[in-house]
Amino acid sequence: MSGLTPDAIMLGLGELVKLLPIAFALIVVIELFTWFLCAKIIRTKFTLAYVMLAPGIVGVMALIVFPFFYNMFLAFSNMSMTKFLTFSASLQIGLQNLIDVFTVPVLQRTNIGTLIIRTIIWTFVNVFFHVTLGMFLGILLNRPLKLKNVYKSLLILPWAVPEVITSLTWRNEFHYQYGFVNIILKSIGLEPIMWFQDPFWAMISCIFVNIWLGVPFMMVITLGGLQSIPQDYYDVAQIDGAGGWKQFVNITLPLLRPILTPATALGIIWTFNKFNVIYLMYQGGPIEGTHILITAMFSAIFENYRYGFGAMYSLVLFVMLLGISSIYYKIAGGFKEVSE
Amino acid sequence: MSKNLSKNLTLDEQIQKRTMSKKKTYWKAGDTPLQRLFINIILIFASLLAIYPILRLLTVSLRPVDMLLTTDLRIIPEGATLNNFIALFTERDFLLWLWNSVVIAFGTVVLSLFLSTSAAYAFARWRFPGYRLGQIFVMTQQMLPAGMLLLPIYIIATRLRLTNTYTGIIIAYACGSIPFSMLLLKGYFESIPKELEEAAHVDGATTLQSFTKILLPLATPAISITGLFAFMNCWNEFMMARVMLQKNSLYTWPLGIRILQSQFNTTWGQYAAASILVAVPVMALFLWSSKYIVSGLTLGGVKD
């Protein structure tokens with residue numbers, strides 16, 4: 001039996017046929033209303049701009065801005081699976097939630113301090129290897145090679161595979177007996193490793209998978225940056241007698257900086273937020289040993305059903321991420337540098 | 001042309017030209033054979049590391065059921081069969097998962113493009129009051145922790161009875177993709193010369209007419225690429241789908257494939273087969289569009 005019955009097909013089509021016309025009708029209504037408001041009542045010369053913006057703004061308000069503030073409200077409530085409708089909210093409960101975030105384990109045994117340290121290690125190690133390996137491969141690929149394009153398309157593949165498949169596949173390949181990682185370890189005379197059982201090795205395998213996943217992006221970014229460096233610089237350096245390493249430090253690195261800086265910033269935010277790899281590999285286990293901040297949030301909310309607590313916890317994460325990014329932009333000179 | 005030209009040069013000139021061109025690319029071509037060997041070895045090793053897990057998927061998907069549990073590392077296994085692929089269509093709901101993903105992705109892309117194209121044009125063309133606020137919003141929005149809005153959206157959807165429907169998740173995906181799509185399209189609209197529109201205005205077209213008649217047709221490639229991004233994002237999405245779709249009959253392929261991936265029993269072969277079938281088209285699309293993705297990500301995130 002293949003589940004795709006005519007009924008299932010009709011269900012999908014039916015919902016689309018209902019949803020899309022209603023959505024378009026709604027868009028038109030919103031536009032007409034905005035037009036009326038801007039042209040007849042406020043009389044602004046930007047009427048057309050606001051009319052064109054209005055549907056998008058309504059969508060963003062409904063699904064991003066409103067949920068954001070609703071989440072803030074939830075942070076001051078004691079909502080949970082059992083108190084889904086009968087919850088109460090007050091400043092006191094909110095403060096209690098905030099204290100809980102820092103004192104009570106986020107899950108069963110791991111508290112936020114451990115998670116923060118683990119996330120910092122996770123992010124740092126990953127981004128470090130993404131940038132160094134990506135830059136290394138990018139520089140090698142920028143040299144004259146016969147098979148350059150072949151290498152390039154092969155090396156970019158890890159980025160192209162859907163993350164869900166990457167994580168689940170690697171999870172299988174870290175199997176003690178049948179995964180190829182241990183088979184290869186054995187064939188070169190090393191002891192096979194119990195990747196699933198030991199939190200340390202589990203984390204190592206997660207980091208390995210995420211490095212495998214993230215290098216191609218940095219490699220492509222580096223290649224793009226290298227191609228914009230004029231060859232003359234290297235010629236002059238050559239005449240002055242600068243060797244390969246000196247050229248790299250004094251020409252390549254500074255000129256790559258403006259393109260690598262925003263890419264690294266993106267990389268930090270992405271790695272901090274990397275839910276799929278950790279969650280799909282071991283669901284944060286064994287014994288909560290591979291949870292990072294983001295996956296712990298998901299587990300606290302959708303597996304332990306602590307909604308009020310989870311909402312406050314997510315706010316704390318938001319503040320952290322905002323802090324990290326703003327510090328980073330200050331140090332690195334911000335996005336402005338790049339667009340110029 | 002160039003051949004004829006070089007024939008007319010004297011030998012001296014030719015030699016000079018060659019040494020000059022050699023000098024010019026000295027740094028690039030200056031690798032000694034040993035260095036080249038080294039570079040090639042490193043790149044071959046890295047490429048192997050990059051494709052080996054994908055090749056392994058192929059191997060496992062071709063294994064007959066009784067050969068699943070083996071420590072054999074050959075690429076084409078002994079007694080290779082397509083049984084796993086067949087089982088996927090006859091025994092599993094694989095087609096249903098794909099159908100669900102298609103329905104959701106299609107709805108998302110249509111809705112998202114409709115909402116973001118006109119908004120992007122407004123942002124590219126006018127500096128209206130509130131412009132700066134919009135910029136700040138898009139910047140901060142990128143810094144939301146992944147899944148932070150999942151809980152409120154889930155609760156709202158539950159109240160509105162939109163969980164376990166296509167409608168709910170389509171709306172959530174589409175609205176969530178507006179900021180990024182808008183950034184991409186705004187950059188593109190800004191790159192179209194203003195003179196085009198001004199010429200149209202001289203000919204008596206209104207702004208709305210110049211948008212629909214001139215800019216939209218010109219922007220078709222950019223709109224398709226933006227649509228492709230929105231498509232790939234929701235096609236591969238796991239977290240939101242996991243929360244919003246709990247009925248098996250509504251599972252998208254990332255949710256369904258997880259059922260198959262119970263460890264090393266008979267479904268491992270089916271999991272690998274399903275992964276191959278899903279990943280190959282996605283990878284092809286990705287490779288084809290990768291240069292746009294890079295410029296989109298860097299420019300989209302960067303442009304003030």
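Accessible areas come from the Shrake-Rupley method with a 1.4 Å probe. The legends below describe a predicted model.

**View 1. A nonpolar patch lies on the surface of chain A.** The patch is formed by Phe33(A), Trp35(A), Phe36(A), Leu37(A), Ile41(A) and Ile42(A). Together, these residues have about 620 Å² of accessible area.

**View 2. Phe36(A), one of the residues of the patch, is found in helix α1 of chain A.** This helix comprises residues 6-42. Phe36(A) has a relative accessible area of 44%; because this value falls between the limits of 20% for buried and 50% for exposed, the residue is classed as partly exposed.

**View 3. Chain B contains 15 helices and zero strands.** The chain has 304 residues, of which 51% count as buried. Among its contacts with a separation of 6 or more, 72% are made by residues 24 or more positions apart.

**View 4. Confidence in chain B is summarised by a mean pLDDT of 79.** Of the residues in chain B, 81% reach a pLDDT of 70 or more. Over residues 1-9 of chain B, however, the pLDDT is below 50, and this stretch has three contacts in the model beyond near neighbours in sequence. Residues 19-28 of chain B also have a pLDDT below 50; this stretch has 13 contacts beyond near neighbours in sequence. Where pLDDT is low, the predicted coordinates should not be read in detail.

Definitions and conventions:
Residues numbered from 1 in each chain as written. Chains lettered and ligands numbered in written order. Predicted model: local features only at pLDDT ≥ 70, side-chain atom pairs only at ≥ 80, totals over all residues. Heavy atoms only, no water. Patch = residues over 30% accessible without salt bridge, like charges linked within 9 Å, V, L, I, M, F, W, Y side chains within 5 Å. Salt bridge = Lys/Arg side-chain N within 4 Å of Asp/Glu carboxyl O. Helix = DSSP H or I, 4+ residues; strand = E, 2+ residues; numbered from the N terminus. Buried < 20%, exposed > 50% of the residue type's maximum accessible area, 1.4 Å probe, protein only. Contact = heavy atoms within 4.5 Å. pLDDT = per-residue confidence, 0-100.
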